[in-house]
Amino acid sequence: MIKILPVIMCGGSGTRVWPESRESLPKQFIPLVGERSTFQTTMAMLADPAFEKPIVISNSDYRFLINDQLRAIGAEADVVLEPSRRDSGPAVAVAAGLAARRAPETIVVVLAADHVVRDREGLVALCKKAAEAAAEGYIVTLGVKPDHPATGYGYLRPGAPLHEGSEVLKLDAFVEKPDRETAERYIDAGYFWNSGNFIFRADVMQAEIAHFEPEISEAAEAAIDGAARDLDFCVLNAEAFARAPKKSIDYAVMEKTEKAALIPADIGWSDVGTWRAVWELSERDENGNSVRGHGVVMDAKNVHVRSEEALTTVVGVDDVIVVTTQDAVLVLNQEHGDKVKNLVDELKTQNRREAAAHKRIFRPWGYYQSIDEGQRYQVKRIVVKPGERLSLQKHFHRAEHWIVVRGTAEVGRDDEVHLVHENESIYLPIGCKHRLINPGKIDLELIEVQTGSYLGEDDIVRFQDVYNRG
């Protein structure tokens, strides 16, 4: 059996399913469908013995989130961090380079962390079949059998089988995203959706990238050669990686190479790229309505409601998506899902915090969540995981008052150390050096009240930090 090295691309921001997906917590880490995130679901699928220990390629913003989600499902991976976002071409070049350092003939499968596959056993079986063609020197993509004339996907025109009786076909052409009428013609002609998942031999992909995109090849190799370890992570060299042009692997290689092939995949695949796609993947009642969280739908059809906390109701309105988070509400006609990205772009031009960040901000030690704020004060809920600690730090413009509501806090304040129990508090004046530690076996929860002339997150000087943050 050919062993396959999985590489999971895990750096996207998923703005088309805002407001749940934001840059601070993008869609691959959210349970959009089911109880696990799409990243966790993908990782769990790779437990099959055909796969080697996976490599996850992401960026520094998500490094601790990745580790937390892996730990939650008992999975392991080597995590490689991109110092800047350069699109999928450079990422695949890095994947091929890392694999080739193990052995040039290593078979690699590149999978997206934010896709959903309902037939996971089917995907594993296809990877094994595609690996045989990849071993012969082909770059194989999974061509998804369309179930409707989608206009949001690129299409693949299949050719003849590689060999007599082979399930793997030559790939005649990549086709750009069509209009609906053209998409209907493509389906009638037997075209496939481009899933963006690839299987290849490491040295073959390296050679093709070097031939068609030498700048990407050289930058990726230099970034690997200059990589450094940071805690459990491999960090690519920033200066070298920045030299790679921003280009997708489709444009960089797949549309040019003569080694392209496809394997038809009828596996219930979706890139979960819009709220309509989420609705289609969700359980629905006899009226086509789906509710996740706190929602009620009456006298309506084809409605998808999602709400974390606030009761969200829909009456007498069909074909809508309503998503309620702690700080934003989206009401969307199902046919306008592609416009959510434009909405997020508009929010960014207005400098709206909600465009990129949730109220709950995850940190390697746990998270904090904004509760209330005014001109000279801010109130937060802070949760610290067992055994974790915040950095030794101080602030120039604010004082803090911590009230413990669950667990026990070990608080360092200048030269003192205090144990603060439930229903007790401690005051941290402006300029004092302080550190918060959870010495217990349960989550530590506290309420933080900040007061001062400036309350921004950048009013911080770190003296010691176990997570190597600046």
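Of the 470 residues in the protein chain, 52% count as buried. Keep in mind as you look around that this is a predicted model.

**Stop one: the whole chain.** Start by selecting everything. Along the principal axes, the C-alpha atoms of the protein chain fill a box of roughly 75 × 60 × 40 Å. The radius of gyration is 25 Å, which agrees with the value near 23 Å that a compact globule of 470 residues would have.

**Stop two: the cartoon view.** If you display contacts with a separation of 6 or more, 69% of them come from residues 24 or more positions apart.

Which strands make it up? Six of them, in the order 18-19-20-27-22-25, with antiparallel pairing. Select 360–363 for strand 18 and 425–428 for strand 25: these are the edge strands, and each pairs on one side only. Neighbouring strands in this sheet are turned by 20° against each other on average, with direction ignored. As a reminder, strands of a sheet pair through backbone hydrogen bonds, either parallel or antiparallel.

Zoom in on residues 366–373, which are strand 19, and residues 377–384, which are strand 20. How many bridges join strand 19 to strand 20? There are seven, and the two strands run antiparallel. To finish, pick Tyr-367 and look across to its bridge partner in strand 20, Val-383.

Terms used:
Residues are numbered from 1 along each chain as its sequence is written. This is a predicted model: local features need pLDDT of at least 70, side-chain atom pairs count only at pLDDT 80 or more; totals for chains, interfaces and linings use all residues. Side-chain values use heavy atoms; hydrogens and water are left out. Two strands pair if DSSP finds at least two bridges between them. Helices (H or I, at least four residues) and strands (E, at least two) are DSSP runs, numbered from the N terminus. Axes are lines fitted to C-alpha atoms, for helices over the stretch in contact, and angles run from 0 to 180 degrees between N-to-C directions. The radius of gyration is taken over C-alpha atoms; the globule rule is 2.2 Å times the number of residues to the power 0.38. Buried means under 20% relative accessible area, exposed over 50%, partly exposed in between (1.4 Å probe, protein chains only). Contact means heavy atoms within 4.5 Å.
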